[in-house]
Amino acid sequence: MSGNWKAICKTRDLLLNGYSQGVWLADIRGYSVKSGYDWLRLKETKLGWAKLIWNPMALPKHSFVNWLIMRNALNTKEKLHRLGIIPDDMCCICQAGSETVMHLFQQCHYFREILHLVCSWLQITEPQGNQIIWIGRRNWTLVHREVCLSVFMAVTYSIWQQRNSARLEGVILRPTALFVQCKNLMKIRLLNYLSRVKMSKDRDWITSLLS
Ligand SMILES: [Zn+2]
């Protein structure tokens, strides 16, 4: 077996292993491919998105749906249409774009409107690109990151629920109503979480979210 072929097989095994463990492929540290495959250098941290998703503040059902989102494993209309199961791929919510994971959770006007309300409540700027990865890269306290991650995961879970409601029953909550629903749910979680928060800066911030 040639050196190049060995390098390809090694890279393939590394990527498959990383993918099966929920590791963000661009974030695998401690490996470099020899010969002509330097473009595949993966010397980044092994801290992947899975660690961000399975955080103690989030509800397990929210983490699970977000895990599916990160793995692009939701049965969106674009995927079902591509498999020949349904005749069109238009977004169930806005009917204005192909229903992909990226559309539903980054581009759809329904999501954008809720994102604006959520960021205003959390007192943060609007995330660029994937919210989980974006929050994971903020230089915030652990508490700040865990709370923001759990809120965004509650929102994306709820949007997926609304998408299913739109598809199966033809009804959907207004963005403001869905935001209030998520906020009230998270306030209950935050009340329990507050007793475990030590830093006054974090406590003040959470208290402001509860007001
Ligand atoms: Zn849409």
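The protein chain has 10 helices and 0 strands, where helices (H or I, at least four residues) and strands (E, at least two) are DSSP runs numbered from the N terminus. From the N terminus on, its elements run α-α-α-α-α-α-α-α-α-α. This is a predicted model, in which local features need pLDDT of at least 70, side-chain atom pairs count only at pLDDT 80 or more, and totals for chains, interfaces and linings use all residues. Residues are numbered from 1 along each chain as its sequence is written.

**Burial and contacts**

- Of the 211 residues in the protein chain, 27% are buried; a residue is buried if 20 or more other C-beta atoms lie within 10 Å of its own, exposed if 12 or fewer, and partly exposed in between, with C-beta atoms placed from the backbone.
- Among contacts in the protein chain with a separation of 6 or more, 51% join residues 24 or more positions apart; two residues are in contact if their C-beta atoms, placed from the backbone, lie within 7 Å.

**Nonpolar core**

- The largest nonpolar core has 36 residues, and those with the most contacts inside it are Phe111, Ile114, Leu149, Val151 and Val155.
- Such a core is a set of buried Ala, Val, Leu, Ile, Met, Phe, Trp, Tyr and Cys residues joined through C-beta atoms within 7 Å.
- Two or more residues of this core come from each of α2 (49-53), α3, α5, α6 (109-122), α7 (131-136), α8 and α9 (175-194).
- With 11 residues, α8 gives the most to this core.
- Leaving out residues up to four places away in sequence, Val151 touches Val118, Leu122 and Met186.

**Packing of α3 and α8**

- Helix α8 (residues 142-168) packs with α3 at an angle of about 75 degrees, and their axes are 9 Å apart.
- Axes are lines fitted to C-alpha atoms, for helices over the stretch in contact, and angles run from 0 to 180 degrees between N-to-C directions.
- α3 and α8 are therefore roughly perpendicular to each other, a class that covers 65 to 115 degrees; angles under 35 count as roughly parallel, over 145 as roughly antiparallel and the rest as oblique.
- Lys61, His62, Ser63, Val65, Asn66 and Ile69 of α3 meet Met153, Ala154, Thr156, Tyr157 and Trp160 of α8.
- The residues of this contact divide into 6 nonpolar, 4 polar and 1 charged; Ala, Val, Leu, Ile, Met, Phe, Trp, Tyr, Cys and Pro count as nonpolar, Asp, Glu, Lys and Arg as charged, and the others, Gly among them, as polar.

**Positive phi in loops**

- Most residues other than glycine have a negative phi.
- Asn72, in the loop between α3 (60-70) and α4 (77-82), has a positive phi near 55 degrees.
- Asn72 counts as exposed because it has 11 C-beta neighbours inside 10 Å.
- Gln95 lies in the loop between α4 and α5 (101-107), and the phi of Gln95 is positive, near 55 degrees.
- Gln95 is exposed, with 10 other C-beta atoms within 10 Å.
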